[in-house]
Amino acid sequence: MIIGKVIVPLHLMKSKITHSGIVESVSDRLVRVRIVQAAACAACKVAGHCTASESKVKIIDVCTSEWSSYTKGDAVTVSVSESSARKALLVGFGMPFAVMVGVVFITLWLTCNETVSALAGLAALIPYYILVWLFRERIGGSVTFGIEKLSE
């Protein structure tokens, strides 16, 4: 399959989620890439959950040992493996949903009060997201982005 000027083998398309972008800045081991929502996002499997597909412009920080080979304005492709994207979706949406629904049902069973159950379910998300924030470095380390220059 051909995307823009890049030929992507079909077996790689199934295992990676990619976005084209422009290098915004380069610093020690970090390349900041601006990606713009494209029509291809509509066909992506996780477009409904991906913040990159919901906004017009998104900045992605990519840590790479080859950071010195990139300069501001370079056209690049940023990719993430499908398994990393699933982990991110699980932490961001799946687990909080399970926590909230579990707390709602347990509280409803204990109190028989729907208002209290709904408020308890929402309140249960506060400590969940505090834990996610406290462990953000560890969680962020499990979701890694790849980067490569587009050939001209």
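Arginine 29 is partly exposed, with a relative accessible area of 46%, and the model in which this value was computed is a predicted one. The residue lies in the loop that joins strand E3 (16–27) to strand E4 (30–36), and its phi is near 65°, a positive value in a residue other than glycine.

**Overall layout**

- The protein is built from 5 helices and 7 strands, and, read from the N terminus on, these elements follow the order β-β-α-β-β-α-β-β-α-α-α-β.
- Of the 152 residues in the protein, 24% are buried.
- When contacts between residues at least 6 apart in sequence are considered, 67% of them join residues that are at least 24 apart.

**Packing of H3 against H4**

- Helix H3 (residues 82–111) packs with helix H4 (residues 114–134) at an angle of about 145°, and the two axes are 8 Å apart; the crossing of H3 and H4 is right-handed.
- On the H3 side the contact is made by Leu90, Val91, Gly92, Met95, Pro96, Val99, Met100, Val103, Val104, Thr107, Leu108 and Thr111, while H4 contributes Glu114, Val116, Ser117, Ala118, Ala120, Gly121, Leu122, Ala124, Leu125, Tyr128, Tyr129 and Val132.
- Once neighbours within four places in sequence are set aside, the residues in contact with threonine 107 are Cys112, Val116, Ser117 and Ala120.

**The loop between H3 and H4**

- Cysteine 112 is found in the loop between H3 and H4, and its phi is near 55°, which is again a positive value in a residue other than glycine.

**Aromatic rings and a charge over a ring**

- The structure holds 1 aromatic pair, formed by tyrosine 128 and tyrosine 129, whose ring centres are 5.1 Å apart and whose planes stand at 80° to each other, so that the arrangement is edge-to-face, a class that requires an angle over 60 degrees.
- The two partners fall into separate accessibility classes: tyrosine 128 is buried at 11% relative accessibility, whereas tyrosine 129 is partly exposed at 39%.
- Both tyrosines are also listed among the residues of H4 that make the contact with H3, as Tyr128 and Tyr129.
- The charged end of arginine 136 sits over the ring of tryptophan 133, at 4.3 Å from the centre of that ring.

- Glycine 140 is found in helix H5 (residues 136–142) and is partly exposed, with a relative accessible area of 40%.
- Although glycine 140 and serine 84 are separated by 56 residues in sequence, the distance between them in space is 9.9 Å, taken from C-alpha to C-alpha.

Note on methods: Residues are numbered from 1 along each chain as its sequence is written. This is a predicted model: local features need pLDDT of at least 70, side-chain atom pairs count only at pLDDT 80 or more; totals for chains, interfaces and linings use all residues. Side-chain values use heavy atoms; hydrogens and water are left out. Rings of Phe, Tyr and Trp (its six-membered ring) pair if their centres lie within 6.5 Å; planes under 30 degrees apart count as stacked, over 60 as edge-to-face and the rest as tilted. Buried means under 20% relative accessible area, exposed over 50%, partly exposed in between (1.4 Å probe, protein chains only). A charge sits over a ring if NZ of Lys or CZ of Arg is within 6 Å of the ring centre and within 35 degrees of the ring normal. Axes are lines fitted to C-alpha atoms, for helices over the stretch in contact, and angles run from 0 to 180 degrees between N-to-C directions. Helices (H or I, at least four residues) and strands (E, at least two) are DSSP runs, numbered from the N terminus. A crossing is left-handed if the near helix is turned anticlockwise from the far one by less than a right angle, and right-handed if clockwise. Contact means heavy atoms within 4.5 Å.
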